[in-house]
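Thanks for making time this morning. I have one structure to walk through, and I will keep it brisk. Please bring it up on your screens.

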Amino acid sequence: MTCPNCRESAKFVDYRQTTLTSLFGEVIYERVYYHCSICHTGHFPMDHELGVKTRKTKAATEVMTLSGTLAPFQQSAKRLLKRLTGLRVSGSTIRRVAESVGQDVADKRARGETIGPETPWNWHVDAHGEKVAYVSLDATGVPQQGEHQEKQEAKMPYEAGVFNPLFDRDKKSHRLKEAGYVSGLLSLSEIGRQLRRECLAVGLDRADKVIALTDGGNGLPECLLDAVAGLGTDLAYVLDFFHAADHAVEFAKVVHPQDETARTQQADAWCHTLKHEGGKALLRELERWDLSERAAPLVEAHRKFTGYLRNNQDRM
């Protein structure tokens with residue numbers, strides 16, 4: 001075989017056994033061992049081909065990583081992983097595996113590689129016969145824990161994605177046919193660059209229209225614009241409805257602080273207007289309010305909500 005380090009010829013030595021952790025427990029695994037006399041390194045090419053790292057199968061590595069992202073490492077080891085798979089590993093093992101996978105992803109990103117295969121997607125065709133692609137960008141809070149298990153301030157990584165929905169109009173079913181995601185504690189410009197690579201890999205430039213989904217966060221629309229610039233002939237921004245609905249619910253709490261029934265009815269009415277008539281219609285309704293004798297907290301909440309609607313009305 002050719003040595004992956006120095007590209008010289010590595011010679012066959014023998015077959016060597018090791019014990020692997022798999023989803024079925026521990027297994028004995030025998031594979032070919034090669035040694036390069038030029039750079040003095042040994043290689044197990046079958047390990048690379050099967051995705052074997054740190055004596056764990058690819059499937060075992062995947063479930064340990066997933067469990068480590070869903071719950072604290074110790075809790076994942078004692079409850080989640082044990083109950084779902086029967087595997088018995090320590091919390092420190094799950095941590096090492098998750099960090100190793102994270103480092104692999106970071107290394108790929110640093111080299112400009114994509115996570116998924118570079119294969120153009122068959123984009124969904126809408127009622128007008130146009131091929132439509134979707135991209136999204138958001139930020140989410142991730143709780144943090146200190147070295148001694150004390151609480152720390154949560155961090156806000158960005159999550160960006162490109163996806164191709166699969167619509168079944170007869171069953172009114174909306175599912176994702178294909179999806180690719182990037183995320184991390186990165187700057188907006190960096191997450192935008194990484195999203196652009198994923199968009200190029202799946203052939204977003206072959207779509208006739210690109211729908212960009214974001215909430216009202218500062219700088220998010222501009223980031224998506226940079227990510228898909230030159231890749232689509234038509235770009236349309238759409239505000240995340242649930243984000244707008246949350247603002248309507250919060251304002252209803254100020255308008256009806258003591259009456260839960262009235263608060264719910266008011267929020268539902270505003271959400272109905274948002275969904276069926278758009279943000280401009282709701283903005284016109286709220287701008288007609290007479291606030292001359294209203295309490296200061298309500299006036300301030302009204303100012304913030306109408307400002308939000310005004311800033312995002314073209315995306316509703």
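**Helix α8 and its surroundings**

Start with α8. This helix has 17 residues and reaches 24 Å from its first C-alpha to its last, close to the 24 Å expected at 1.5 Å a residue. Its buried residues are A262, R263, A267, W270, C271, T273 and L274. Look down the axis of α8: those buried residues fall within an arc of 165°, so they line one face of the helix. Here is the background to that. An α-helix has 3.6 residues a turn, so residues three or four places apart point the same way. Now turn to the other side of α8. There T261, Q265, D268, K275 and H276 are exposed. And what does the buried set of α8 pack against? The partners are α7, α9 and α10.

Before going on, a word on confidence. This is a predicted model. The mean pLDDT of the protein is 88. Of its residues, 97% reach 70 or more. Helix α8, residues 260-276, is where confidence is highest, at a mean of 94. Confidence is lowest in strand β6, residues 142-145, at a mean of 74.

Next, α7. This one runs over residues 241-255, so to speak for 15 residues. From first C-alpha to last, α7 reaches 21 Å, close to the 21 Å expected at 1.5 Å a residue. Which residues of α7 are buried? They are A244, A245, A248, F251, A252 and V255. These cover an arc of only 125° around the axis, which puts them on the same side of α7. What covers them includes β11 (235-239), α8, α9 (279-287) and α10 (296-312).

Stay with α10 for a moment. T306 lies in this helix. Is T306 buried or exposed? T306 is buried, with a relative accessible area of 4%. Leave aside its neighbours within four places in sequence, and T306 is in contact with L283 and L286.

**Rings**

Now the aromatics. A search of the whole structure finds 11 aromatic pairs. Take Y134 and F163. They form a stacked pair, 5.6 Å centre to centre, with 20° between the planes. Y134 lies in strand β5 (residues 131-139) and F163 in strand β8 (residues 158-168), so this pair ties together parts that are 29 residues apart in sequence. Y134 is buried, at a relative accessible area of 15%. F163 also counts as buried, at 12% relative accessibility.

Ring pairs link F251, W270, W289 and F305. Two of those names have come up already. F251 is one of the buried residues of α7. W270 is one of the buried residues of α8.

Then the charges over rings. R16 lies over the face of Y33, at 3.9 Å from the ring centre. R31 lies over the face of F44, at 3.7 Å from the ring centre.

**A loop with positive phi**

Now go to the loop between α1 (45-50) and α2 (58-70). T54 is found there. R55 is found in the loop between α1 and α2 as well. What is the phi of T54? It is near 45°, a positive value in a residue other than glycine. R55 has a positive phi too, of about 60°, although R55 is not a glycine. Now accessibility. T54 is exposed, with a relative accessible area of 56%. R55 is exposed, with a relative accessible area of 56%.

**Into helix α2**

Last stop: V63, found in helix α2. V63 counts as partly exposed, at 22% relative accessibility. The cut-off for buried is under 20%. Which residues does V63 touch, leaving aside its neighbours within four places in sequence? V63 is in contact with L23, L81, T85 and L87. For a sense of scale, pick V63 and E222. They are 159 residues apart along the chain, and their C-alpha atoms are separated by 36 Å.

To recap the helices: the buried residues of α8 line one face, and those of α7 sit on the same side of their helix. That is my tour. Over to you.

Definitions and conventions
Residues numbered from 1 in each chain as written. Predicted model: local features only at pLDDT ≥ 70, side-chain atom pairs only at ≥ 80, totals over all residues. Heavy atoms only, no water. pLDDT = per-residue confidence, 0-100. Helix = DSSP H or I, 4+ residues; strand = E, 2+ residues; numbered from the N terminus. Phe/Tyr/Trp six-rings, centres within 6.5 Å; stacked < 30°, edge-to-face > 60°. Buried < 20%, exposed > 50% of the residue type's maximum accessible area, 1.4 Å probe, protein only. Lys NZ or Arg CZ within 6 Å of the ring centre and 35° of its normal. Expected span 1.5 Å × (residues − 1). Arc of directions from axis to C-beta. Contact = heavy atoms within 4.5 Å.
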